[in-house]
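Have a look at it, then read on.

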Amino acid sequence: MALEIRTGVRRLFRVVLRRRESLVERLDEELSFHLEARTEQLVARGLTPEAARAEAIRRLGGTVVQARARLLASAERKERRMAWREWFEDLAQDTRYAARGLARRPGLTLVALLTLAVGIGANTAIFSAVNALLLRRLPFREPGRLMDVTLTPPADPAGSGSNAAPWSFAKFRFFRGAQTAFSNLALYSQGKFNLLGREPERLNGEWVSGGYLTTLGVAPALGRDFPAGVDSAGGAPRLALISDALWQRRFDADPAVVGRSADLDGDPFTIIGVLPRGFRGLGGQADVLVPITTRPADELEHEAWSLEFSLIGRLAPGVTPARARAEVNLLGPRVYQDSPMQEGAIGRDARSGWSADARPLDQTRVAPGLRRSLLVLMGAVVFVLLIACVNLANLLLGRAAARRREMAVRLALGVRRGRLVRMLLTESVLLALLGGAAGLLVAGWATRILSAANPLETLQAQGLSGLGVVQFSSIRLDGPALAFTALVALLVGLLFGLIPALGATRPGLTDSLKDDGAATGRGFRLGVSRHLLVVAEVALAIVLLAGAGLMIRSLDRLLSVDPGFDAQHLLTLRMTVAPGDVTRDSLAGFYDRLLERLEAVPGVTAAGLADCPPLAGGCNGTIITFPDRPPVAATESPSIGVHVVTPGWFAALHVPLKRGRLLGGTERVGQPRALVISEAAAERYWHGEDPIGKRAAVWQGGFDKGATVVGIVGDVRFGTIDSVPAPEAYMAYAQSPRSYMTVFLRTRGEPRAIVAPVRTAVHELAPETPIYDIQTMEQRVGTASAQARFSAVLLGLFAAVALALAALGIYGVMAFAVGQRTREIGIRMALGAEPSSVLGLVVREGVVLAALGLVIGLAGALALTRVLRSALYQVAPGDPVTYLVIVAVLGLTAFVASWIPARRASLVDPVEALRRP
Amino acid sequence: MTEPLAPLKGTLDVLVLKALTWAPMHGFEITAWLEDHAGGELTVDDSALYQALHRMEERGLITADWGVTGNNRRARYYSLTAAGRAHLKAESAKLVRYARTVITVLAARSG
């Protein structure tokens with residue numbers, strides 16, 4: 001028998017038991033040996049060689065081939081089982097070895113685990129958000145067949161504004177009759193309803209067309225869907241479907257609710273069904289669905305420009321999204337040109353340039369801005385994790401150096417290198433998996449925070465709302481997130497373990513065996529690997545720092561934007577006047593009385609009402625035309641925001657009057673109609689002419705026959721805080737009364753202090769009218785920049801982690817190098833080198849490495865931060881100030897991180913150093 | 001001369017294990033040993049022998065390793081493991097008891 005190594009020794013050094021032979025070879029050799037031996041025996045007994053061989057084969061059970069096949073099958077089974085068992089035994093052994101190794105160095109293990117927990121946890125958390133918001137299937141039947149169909153206004157010369165517009169019911173009816181690409185089409189818009197009864201409640205709901213549920217492929221859990229034909233005319237029977245949540249909450253889950261009546265906004269609606277649990281409409285919030293056609297017929301038929309509804313369609317069988325899109329593009333202009341209700345309304349030219357477009361519903365699930373932010377954050381956490389990997393690789397390289405002798409002994413004993421690499425990788429993977437498990441704790445905590453954030457209104461205020469049904473509340477640690485974590489941990493373990501494992505087991509036995517392991521740090525090339533890792537780490541950190549720096553600069557710019565009003569000491573609240581409190585005709589008088597009461601509340605210095613608060617993501621708008629001019633060119637989109645305000649609103653918000661006069665008490669029903677416009681409107685539509693006294697028709701609220709412009713006020717940002725102020729028109733509340741208003745109260749002190757008396761004042765006048773959305777104006781301004789702040793804070797946090805890790809990495813490498821070169825430094829100093837020159841020597845090395853990483857990182861940052869362009873507000877992706885600051889920050893960090901070990905080096909006692917082996 | 005016996009079902013394993021208590025052997029040596037010690041009364045089907053060897057190796061009763069024969073040829077040598085030894089002890093005791101019982105029964109005379 002060959003060399004016998006005692007089992008204990010063999011196990012200790014992982015010497016392979018034997019080369020794994022080919023099964024077939026082994027078996028054939030064994031059998032042929034047997035045949036020969038048997039033949040020899042039989043010949044010896046007197047048989048002829050031929051007869052002996054035949055007898056030997058017979059005894060093997062017929063033909064040799066059959067026998068061999070039988071034996072081979074059983075041997076293979078055994079071998080497979082053995083291989084698995086061996087693999088698992090190896091794994092168990094490696095794991096035990098790894099666990100012991102980790103336990104022996106608790107400090108290093110703890111640092112590594114913390115780094116991994118943060119790195120992997122952040123990745124899992126952001127991945128959970130990406131999965132919930134961008135990837136997870138929409139909860140409808142065959143969601144891939146659903147398309148979002150929008151109208152497209154003519155190109156806006158200002159380049160701002162959305163390129164998609166909603167539908168009016170009349171246009172929808174025309175389109176539905178003309179198209180063939182969709183088997184189902186449905187219109188919907190979100191609305192608020194007052195559910196009256198024992199406890200009045202304000203409900204989120206949706207106005208829908210009849211085919212809404214069938215288009216989505218959802219059936220009521222109880223009762224039935226809206227009957228066919230509900231869309232045929234306005235003034236349809238008042239029917240409603242309610243959500244499971246509302247059914248539980250208000251109707252005690254009573255199945256007899258079907259057929260009962262509910263009072264919505266003062267009208268009785270018959271509940272015909274209950275929606276399945278969890279289904280809250282495409283807006284994701286609805287408690288009640290109401291047919292659009294319950295609105296007055298004349299509103300639906302004639303307000304063809306009241307663009308309010310979103311349109312979704314389910315592709316007809318066999319129709320591709322591309323074909324549907326082509327048809328929609330073709331039909332779009334006809335929706336305007338041919339729809340009969342347009343006759344006589346406005347000049348044809350004003351309508352041209354409009355079209356329609358369709359895209360898969362899934363693409364609308366989140367706003368592009370939010371999608372981009374999520375992907376940027378995902379990229380950022382991947383970078384953090386990469387830096388963490390680099391750092392861990394560095395830590396393990398340090399260990400690898402220490403273990404090189406141990407590995408050399410194993411190699412010398414004949415252990416295959418692959419086996420040793422596997423053993424070392426088991427250690428890093430074990431570490432990564434433990435880190436991943438700890439990361440799940442971090443991720444669990446982070447996803448809870450993310451899912452508790454309900455940024456629907458916040459997103460709306462920033463023009464970032466997508467499909468409401470895709471909600472932050474659906475962010476959770478689910479199967480995919482766990483699988484992602486396991487995969488990432490495994491990859492990370494292999495990634496940071498591979499270089500140290502290869503380094504520690506590099507052949508070159510005699511050197512390492514002779515080497516005493518401490519004196520010549522450069523004897524083995526670990527040093528080079530470590531230096532490269534530091535360069536990589538700095539480069540990665542620079543990219544993150546650049547991203548975070550740009551976002552912070554952008555946020556700073558955003559926070560200094562003048563929204564056009566004074567947000568301090570301003571309380572806002574919204575109300576929708578209940579029909580039971582005030583009839584539509586007496587709204588103006590009611591608002592007069594309300595303002596009187598509000599102004600009398602102690603602490604209130606001014607009060608005003610408007611139908612839509614600023615910075616809420618956009619208000620109601622329409623088109624503007626000019627009776628005394630020829631129809632405008634098609635490219636000039638004549639759009640304008642419409643605001644219904646009380647005269648005191650401008651003063652309450654400190655919106656400055658630029659020219660002319662404000663709306664006064666004279667603009668009442670029956671009096672000549674007057675308009676106040678914004679500076680942007682004057683600029684865009686009068687081109688430097690004086691608009692005061694000119695006529696303009698605003699196609700809403702009875703101003704379509706024209707009104708006189710009486711004044712110009714400063715621009716107020718009604719849309720998002722980063723959008724250019726749009727043209728706005730203000731009309732008097734008395735000439736176009738709305739039943740929903742936002743109340744603005746300028747206060748002497750803390751705005752929140754007057755909430756209670758204001759509530760009382762409103763309820764004394766209108767007991768059934770709900771008050772909601774009570775916020776200070778400063779809160780609204782904060783909301784408007786919340787996403788920018790969120791991105792800046794998260795990116796800043798990731799960048800800070802990256803910087804800290806990079807500093808740790810540089811420090812680690814320099815400290816290691818100093819440790820390795822103590823003898824060399826001692827000699828230098830013994831030969832007369834000054835401590836300062838030793839200091840310079842070491843610092844220079846660290847700074848050179850950092851500079852190299854800096855250059856690479858800057859190139860990477862310049863290339864990568866371009867993806868941030870549209871997320872940045874008034875900051876270019878190549879902003880020199882940002883780059884100067886991050887270069888300074890990183891340079892300083894690198895200097896300090898190498899100065900500390902350098903100082904230690906300069907304090908080396910030459911005698912002591914030389915005496916060391 | 002009566003025809004040599006084939007081992008009864010289930011006894012081959014025990015016989016092989018017994019053979020291996022003498023020394024590690026290769027397959028042919030085992031048949032030869034068995035035939036020798038059975039005084040020519042036993043003949044082992046070679047195919048059955050190798051299947052038994054592989055089966056027992058799989059169950060950990062024996063292990064195999066390459067070795068060199070007396071006339072310098074490579075052969076697979078089988079040897080007993082501790083488990084094999086225990087198995088042999090238990091099984092041979094059972095077998096002996098069984099054989100005695102059979103003999104007793106068959107030798108019974110009336111009266």
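## Where the two chains meet

Let's begin at the boundary: five salt bridges are found across the interface of chain A and chain B. One of the bonds linking these chains joins Glu35(B) to Arg38(A) in a salt bridge, where the closest N and O atoms are 3.7 Å apart. Keep in mind that what you're looking at is a predicted model. Six residue pairs are in polar contact between chain A and chain B, both partners having pLDDT 80 or more.

Which helices of chain A each supply at least two residues to the side that touches chain B? They are helix 2 (23-44), helix 3 (49-59) and helix 4 (64-104) of chain A. Helix 2 of chain A gives the most, with eleven residues. Sorted by class, the residues on the side of chain A that touches chain B come out as nine nonpolar, four polar and eleven charged.

Three residues stand out on the chain A side: Glu30(A), Phe33(A) and Lys78(A) supply 27% of the area that chain A buries against chain B, more than any other three residues.

As for head counts, 24 residues of chain A are in contact with 23 residues of chain B.

## A look at chain B

Chain B has four helices and two strands, and along the sequence they follow the pattern α-α-α-β-β-α. Taken along the principal axes, its C-alpha atoms fill a box of roughly 60 × 35 × 20 Å.

Now for a helix pair. Two packed helices are described by the angle between their axes and the distance between the axes. In chain B, helix 2 (residues 27-37) and helix 3 (residues 46-58) have axes that come within 10 Å and cross at roughly 120 degrees. The crossing of helix 2 and helix 3 of chain B is right-handed. Where they touch, Gly27(B), Phe28(B), Ile30(B) and Thr31(B) from helix 2 of chain B meet Asp46(B), Leu49(B), Tyr50(B) and Leu53(B) from helix 3 of chain B. That contact is made of five nonpolar, two polar and one charged residues.

## Over in chain A

Chain A has a helix pair to look at, too. Helix 12 (residues 368-412) and helix 15 (residues 479-504) of chain A pack at an angle of about 35 degrees, with their axes 7 Å apart. Their crossing is right-handed. Residues of helix 12 of chain A, including Met378(A), Leu385(A), Cys389(A) and Arg404(A), meet residues of helix 15 of chain A, among them Phe484(A), Val488(A), Leu495(A) and Pro500(A). By class, the contact has 17 nonpolar, two polar and one charged residues.

## Salt bridges overall

How many salt bridges does the structure hold over all chains? The total is 39. One of the salt bridges pairs the side chains of Glu201(A) and Arg249(A), at 2.7 Å from N to O. This pair links distant parts of the chain, 48 residues apart: Glu201(A) sits in strand 3 (residues 201-208) of chain A and Arg249(A) in helix 8 (residues 244-251) of chain A.

Technical notes
Residues are numbered from 1 along each chain as its sequence is written. Chains are lettered from A and ligands numbered from 1 in the order in which they are written. This is a predicted model: local features need pLDDT of at least 70, side-chain atom pairs count only at pLDDT 80 or more; totals for chains, interfaces and linings use all residues. Side-chain values use heavy atoms; hydrogens and water are left out. Axes are lines fitted to C-alpha atoms, for helices over the stretch in contact, and angles run from 0 to 180 degrees between N-to-C directions. A crossing is left-handed if the near helix is turned anticlockwise from the far one by less than a right angle, and right-handed if clockwise. Contact means heavy atoms within 4.5 Å. Ala, Val, Leu, Ile, Met, Phe, Trp, Tyr, Cys and Pro count as nonpolar, Asp, Glu, Lys and Arg as charged, and the others, Gly among them, as polar. Buried area is the accessible area (1.4 Å probe) that two parts lose on being put together, summed over both. A salt bridge is a side-chain nitrogen of Lys or Arg within 4 Å of a carboxyl oxygen of Asp or Glu. A polar contact is a pair of N or O atoms within 3.5 Å; within protein, one must be able to donate a hydrogen and the other to accept it, and residues adjacent in sequence count only if both atoms are side-chain atoms.
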